[in-house]
Each structure stands twice: as C-alpha cells, then as structure tokens.
Amino acid sequence: MNLRALRLFAAAAEHGSVSRAADAMHVTQSAVSKSVAALESDLGVALLERAPRGVRLTEAGAVLHAHSRVILAAERAAEEEIASLRGLS
C-alpha cells in the first residue's frame with residue numbers, strides 16, 4: 001500500500017465513481033482502476049462494489065476509507081509543518 005494508491009482509492013470512495021475520481025485527481029480512469037485493484041489484491045478483499053453508475057464501498061472499503069482520511073490528513077499536516085520550517089534554520 002502506498003500513499004498514491006490510498007489517495008486514488010479515497011477519491012473513488014468520495015466521488016462514488018472511478019471516472020469522477022480520475023477527473024478530480026487528473027489521472028486516467030485506468031490508473032484509478034488499476035490502483036484500486038492492486039490495493040484489493042494486496043489486502044485480499046474487495047474494497048469497492050462496481051455498478052453501472054458508479055461504485056460503493058464494501059465493509060472493508062469503509063474501514064480503509066476511514067483510515068485513509070486520517071493517514072492523508074496526517075500527511076498534509078506533516079507537509080505543512082515542514083513547509084513552515086523552511087528558511088528557519
């Protein structure tokens with residue numbers, strides 16, 4: 001699992017659509033699909049239920065999405081804190 005894959009999964013979860021997530025993240029639909037598929041393979045569970053008009057989180061997907069929000073918020077906080085230290089040393 002890596003941060004890029006987590007970001008793409010979270011985008012799909014939040015947008016309810018692989019294509020809308022791809023648009024929001026400025027990547028191809030294929031990149032989102034492949035990234036989510038790789039996460040599902042790594043974790044050994046389905047994360048999204050695919051439907052003709054979008055995607056829904058599975059139970060495992062809901063758990064990962066909750067964790068992804070915390071992880072990605074911590075990443076942003078770390079980047080902001082480090083950025084605020086630039087030029088202070």
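**Notebook: helix packing in a predicted model**

I began with helix α1 (residues 3-15) and helix α4 (residues 59-85), whose axes come within 9 Å and cross at roughly 120 degrees. That angle makes α1 oblique to α4. I noted the handedness of this crossing as left-handed. The model is a predicted one, and I read every value below as computed from it.

**Entry: the α1 and α4 contact**

I listed the residues on each side. From α1 the contact takes in Leu3, Leu6, Arg7, Phe9, Ala10, Ala13 and Glu14. On the α4 side I found Gly61, Leu64, His65, Ser68, Arg69, Ile71, Leu72 and Glu75. By class, the residues of this contact divide into 8 nonpolar, 3 polar and 4 charged.

**Entry: the α1 and α3 contact**

Next I looked up how α1 sits against α3. Their axes are 9 Å apart and the packing angle is about 110 degrees. This makes α1 roughly perpendicular to α3, since angles of 65 to 115 degrees are counted that way. Arg4, Ala5, Leu6, Leu8, Phe9 and Ala12 of α1 make the contact with Ala31, Val32, Ser35, Val36 and Leu39 of α3. I sorted these residues too, and they divide into 9 nonpolar, 1 polar and 1 charged.

I noted that Leu6 and Phe9 of α1 are listed in the contact with α4 and also in the contact with α3.

**Entry: Ser35**

Is Ser35 buried or exposed? I placed Ser35 in helix α3 (residues 29-43). Its relative accessibility is 9%, so Ser35 counts as buried, the cut-off being under 20%. Setting aside neighbours within four places in sequence, I found Ser35 in contact with Ala5 and Leu8. Both of these partners are among the α1 residues that meet α3.

**Entry: Arg4**

I then checked Arg4, which is in helix α1. Arg4 has a relative accessible area of 46% and is therefore partly exposed. With neighbours within four places left aside, its contacts are Val27 and Ala31. I also looked up the spacing to Val32, which lies 28 residues from Arg4 along the chain: the two C-alpha atoms are separated by 9.9 Å.

**Entry: helix α2**

Which residues of helix α2 (residues 18-25) are buried? I found Val18, Ala21 and Ala22. Around the axis they cover an arc of only 100 degrees, so they lie on the same side of α2. For background, an α-helix has 3.6 residues a turn, so residues three or four places apart point the same way. The cover over the buried residues of α2 includes α1, α3 and β2 (54-57). After α2 comes His26, and I noted that its phi is positive, near 60 degrees.

**Entry: the whole chain**

Last, I took the totals. I counted 4 helices and 2 strands in the protein. Along the sequence they follow the pattern α-α-α-β-β-α. The C-alpha trace spans about 55 × 25 × 20 Å along its principal axes. Of the 89 residues in the protein, 34% are buried. I also looked up how far apart in sequence the contacting residues are. Among contacts between residues at least 6 apart, 49% join residues at least 24 apart.

Technical notes. Residues numbered from 1 in each chain as written. Predicted model: local features only at pLDDT ≥ 70, side-chain atom pairs only at ≥ 80, totals over all residues. Heavy atoms only, no water. Axes fitted to C-alpha atoms, helices over the stretch in contact; angles between N-to-C directions. Parallel < 35°, antiparallel > 145°, perpendicular 65-115°, else oblique. Left-handed = near helix turned anticlockwise from the far one by under 90°. Contact = heavy atoms within 4.5 Å. Nonpolar A, V, L, I, M, F, W, Y, C, P; charged D, E, K, R; others polar. Buried < 20%, exposed > 50% of the residue type's maximum accessible area, 1.4 Å probe, protein only. Arc of directions from axis to C-beta.
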